[in-house]
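Dear colleague,

I am handing over the structure below, together with notes on what was found in it. Please read the notes with the structure open beside them.

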Amino acid sequence: MRSRYTAYTRGDIGYIAATLAADQRHAFDAAAAKGWAARATWLSLRIVSTARGQIGDADGVVSFVATYREAGKTIEHHEVSQFRRDDDGAWRFVAGDTRAMVMEPKRPAGAAKVGRNDPCPCGSGKKHKFCCAR
């Protein structure tokens, strides 16, 4: 899982395709994956839990949260991914159950409210109304 996340951060879509289970490659949209990887500013990966996936197992499940910024919003991509060990011993991605949540930054208690024409606190250099306030 960590290697696939790293491949997305580097835009290495060939690696993503190579780590797919053979029966899943027909549905993979490399252009869409490349576009997403390029648009996102990848922030972190947190493994929430794992099941199976050890040396003697034929399959495994990884629950994770990948956090990234896109279009001025911080997004948490929650996914439960299923993997299967191939005949050569390599782990291959089979399927993922996903959801994404936009996380609005929380203001610290007592912090002044950002005005519409103030610079955006995300550091983009844009006015707040044209950035995170959208």
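Which helices and strands each supply at least two residues of the lining of the largest pocket? They are α1 (2–10), α3 (30–39), β2 (59–70), β3 (73–85) and β4 (91–103), where helices (H or I, at least four residues) and strands (E, at least two) are DSSP runs numbered from the N terminus.

Before the details, two notes on the source. This is a predicted model, in which local features need pLDDT of at least 70 and side-chain atom pairs count only at pLDDT 80 or more, while totals for chains, interfaces and linings use all residues. Residues are numbered from 1 along each chain as its sequence is written, and side-chain values use heavy atoms, with hydrogens and water left out.

The largest pocket holds about 450 Å³ of space and is lined by 21 residues, of which Arg 4, Tyr 8, Trp 36, Glu 79 and Phe 93 lie nearest its centre. A pocket here is an open set of points, on a 1 Å grid over the protein atoms alone, where a 1.4 Å probe fits, with protein on both sides within 12 Å along at least five of seven lines; lining residues have an atom within 4 Å of a point. The volume is the space filled by probe spheres set on the points, which are joined across faces, edges and corners. By class, the lining has 14 nonpolar, four polar and three charged residues, with Ala, Val, Leu, Ile, Met, Phe, Trp, Tyr, Cys and Pro counted as nonpolar, Asp, Glu, Lys and Arg as charged, and the others, Gly among them, as polar.

Strand β2 has nine of its twelve residues buried, so β2 is largely enclosed by the rest of the structure; buried means under 20% relative accessible area, exposed over 50%, and partly exposed in between, with a 1.4 Å probe and protein chains only. It runs antiparallel to β1 (residues 41–52), to which ten bridges join it, and antiparallel to β3, with twelve bridges; strands count as paired if DSSP finds at least two bridges between them. Trp 42 has Tyr 68 in β2 as its bridge partner, and Val 61 has Gln 82 in β3.

Thr 67 belongs to β2 and is buried, at 11% relative accessible area. Leaving aside neighbours within four places in sequence, Thr 67 is in contact (heavy atoms within 4.5 Å) with residues including Tyr 5, Trp 42 and Ile 75.

Arg 52, in strand β1, has a positive phi of about 55° and is partly exposed, at 44%. Ala 71, in the loop between β2 and β3, has a positive phi near 55° and is exposed, at 75%.

Seven aromatic pairs are found in the whole structure, where rings of Phe, Tyr and Trp (its six-membered ring) pair if their centres lie within 6.5 Å, and planes under 30 degrees apart count as stacked, over 60 as edge-to-face and the rest as tilted. One of the pairs, Phe 83 with Phe 93, is edge-to-face, at 5.7 Å centre to centre and 75° between the planes. Phe 83 lies in β3 and Phe 93 in β4, ten residues apart, and both are buried. Tyr 5, Tyr 8, Trp 36, Trp 42 and Tyr 68 form one aromatic cluster.

With best wishes
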